[in-house]
Amino acid sequence: MDTLDLARWQFAITTVYHFFFVPVTISLVAITAGLQTAWYRTGKEKYLRLTKFYGKLFLINIAMGVVTGLVQEFQFGMNWSDYSRFVGDVFGAPLALEGLLAFFLESTFIGLWMFGWDRLPKLVHLGCIWMVVLGTQLSAYFILAANSWMQNPVGFRYNAARGRAELTDLWAVLTNKVVLVTYPHTIFAAFMVGGAFVAGVALWHLVRRPGVDKDVFRSALKIGASVVLVASAGVAISGDLQGKVMTEVQPMKMAAAEALYETEQPASFSVFTVGTLDGSKEIFSIKVPYLLSFLATGHFDGEVKGINSLQEAYEQLYGPGSYKPNIPLTYWTFRLMIGVGMASAAVALWLLWTTRRGRAPARWLVWLAAPLPLLPLLANTFGWIFTETGRQPWLVFGLLPTASGVSPGTTSGEVITSLVGFTALYGVLAVVETKLLLRTIRGGLAGTDGPAESPDESPDKDGTADKPLSFAY
């Protein structure tokens, strides 16, 4: 592989790895805030104990997410300097907002929340965790605004003398039609992961330790599974809107997602397709009539452009070359995203049904505890692989080809060295993360032997007041 291929592999590996932590962080902090709000409103001890339990898991996850996220910035300068120079004037504003506003908001109030349990009034302390929620949402929006500009560039002018895009309208970037549909879709998908994580941990405790904190973890299971179901409905609705916007701004991505080679009106949705090895021709397909037309245009008789006709149009617009993404990869990641996501919703619904009216979960269900949060996490991953590979061969659609964004002075040996180093480091971090999470999960809820202290109460007679939420390696 040449330098370009190696740089793409490195960015793919580090980005996918980093995004394992992102949806858990976004959703788990909000669920934790909801649990603490329930404790503040009702005074029920179970909500306080769940807040501290899942709050600690959130802290472990966000620490790892921050560490892995820093590598993304290094790669822009190491392997993608031409890309950085091209988009820097546009990306500077949303990424500065993300760093100076959202990230500082998160980090400041995480510290206040962690160490404020025995120091801050209950309402102020509750407000701290909700400020963290706000920070994560702002951070997600600003980053998605930057990514959406790559999908649909707006609010800029091209400076031919400097060979780069220059920002002319920040508001246009922040209200890009792509980010307006991508943001809710990404957030709902993240809540599917967080809800499944909460439910999976609770399920493990209910099956493996049925006599310990049964009622508390039953509530957690119901909360987590319900979050998954509500979020899955949000994913379906926002995904439908996103598909129509994608067809408008990137019709080749929609055609590749369906392996639709020829323009059809009406167009059928391909449930399963077998094509040639080079992805240039369909051999066999199972289809649902009219469905693709509705997904792409909102009308059952709408026209959907095919890959071949779009290739001809792009050659006339951009010049000779192939403008087709990797068809098999785009096609199957799109289906895996949908299929695995639907499977996670089905499992959540089934868990609610099997545990209804006080029923205890069957012991064999413990085997679902680990796969349950992994299903929506994999769906998120497949979705982002589809989003980024479906845009190829462009880094910035219609403006900057991927081959033009790589650093001109970087050699294959340098990329291989950093790729091996980052992969080894991430392997070690994965072991640390998994060990910390498992140790905390197995440790169970705090305060099993007695009621937990509230943030307002002073130390008890033994001097063992509520401890701040902190952990050590």
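**Helix packing, aromatic pairs and backbone details**

Helix H8 (residues 214-249) and helix H12 (residues 327-354) have axes that come within 9 Å and cross at roughly 140°. Angles over 145 degrees count as roughly antiparallel, and the angle here makes H8 oblique to H12. The crossing of H8 past H12 is left-handed. This, like everything that follows, is read from a predicted model.

On the H8 side, the residues that meet H12 are Leu221, Lys222, Ala225, Ser226, Val228, Leu229 and Ser232. Their partners in H12 are Ser344, Ala345, Ala348, Leu349, Leu351 and Leu352. Sorted by class, the contact of H8 with H12 holds nine nonpolar, three polar and one charged residues.

Helix H3 (residues 45-78) packs with helix H4 (residues 81-115) at an angle of about 155°, and their axes are 13 Å apart. Since roughly antiparallel applies to angles over 145 degrees, H3 and H4 are roughly antiparallel to each other. Their crossing is left-handed. From H3, the contact takes in Thr51, Gly55, Phe58, Leu59, Ile62, Val66, Phe76 and Gly77. From H4, it takes in Ser81, Tyr83, Ser84, Phe103, Glu106, Ile110, Trp113 and Met114. The residues of the contact of H3 with H4 comprise 10 nonpolar, five polar and one charged.

The aromatic rings come next. A pair of aromatic rings is described by the distance of the centres and the angle of the planes. Rings pair if their centres lie within 6.5 Å, and by this rule the count comes to 22 aromatic pairs. In one of them, the rings of Trp149 and Phe156 have centres 5.5 Å apart and planes at 80°, so the pair is edge-to-face. How accessible are Trp149 and Phe156? Trp149 has 0% relative accessibility and therefore counts as buried, whereas Phe156, with a relative accessible area of 24%, is partly exposed.

Another pair is formed by Tyr314 and Tyr323, whose ring centres are 6.0 Å apart with planes at 80°, so this pair too is edge-to-face. Tyr314 is buried, at a relative accessible area of 9%, and Tyr323 is buried as well, at 8%. Tyr314 and Tyr323 belong to one aromatic cluster with Tyr318, Trp394 and Phe397.

Two single residues give further points of reference. Phe382 is found in helix H13 (residues 371-389). Setting aside its neighbours within four places in sequence, Phe382 is in contact with Thr333, Leu336, Met337 and Val340. Phe382 and Val29 are 353 residues apart in sequence, and their C-alpha atoms are 23 Å apart in space.

Leu180 lies in helix H7 (residues 177-208). Its relative accessibility is 47%, so Leu180 counts as partly exposed. Not counting residues up to four places away in sequence, Leu180 touches Tyr141 and Thr175. Leu180 and Arg49 are 131 residues apart along the chain, and 37 Å separates their C-alpha atoms.

The backbone also deserves a look. Which residues are joined by a cis peptide bond with omega of about 0°? They are Gln265 and Pro266, and Pro266 has its place in the loop between helix H9 (251-257) and strand E3 (269-275). A cis peptide bond also joins Gln392 and Pro393, with omega of about 15°. Pro393 is placed in the loop between H13 and strand E5 (394-396).

The loop between H9 and E3 also contains Ala259. Ala259 is not a glycine, although its phi is positive, at about 50°. With a relative accessible area of 7%, Ala259 is buried. Tyr290, in the loop between strand E4 (282-288) and helix H10 (291-297), likewise has a positive phi, near 70°, in a residue other than glycine. Tyr290 has 45% relative accessibility and so counts as partly exposed.

Notes:
Residues numbered from 1 in each chain as written. Predicted model: local features only at pLDDT ≥ 70, side-chain atom pairs only at ≥ 80, totals over all residues. Heavy atoms only, no water. Axes fitted to C-alpha atoms, helices over the stretch in contact; angles between N-to-C directions. Helix = DSSP H or I, 4+ residues; strand = E, 2+ residues; numbered from the N terminus. Parallel < 35°, antiparallel > 145°, perpendicular 65-115°, else oblique. Left-handed = near helix turned anticlockwise from the far one by under 90°. Contact = heavy atoms within 4.5 Å. Nonpolar A, V, L, I, M, F, W, Y, C, P; charged D, E, K, R; others polar. Phe/Tyr/Trp six-rings, centres within 6.5 Å; stacked < 30°, edge-to-face > 60°. Buried < 20%, exposed > 50% of the residue type's maximum accessible area, 1.4 Å probe, protein only.
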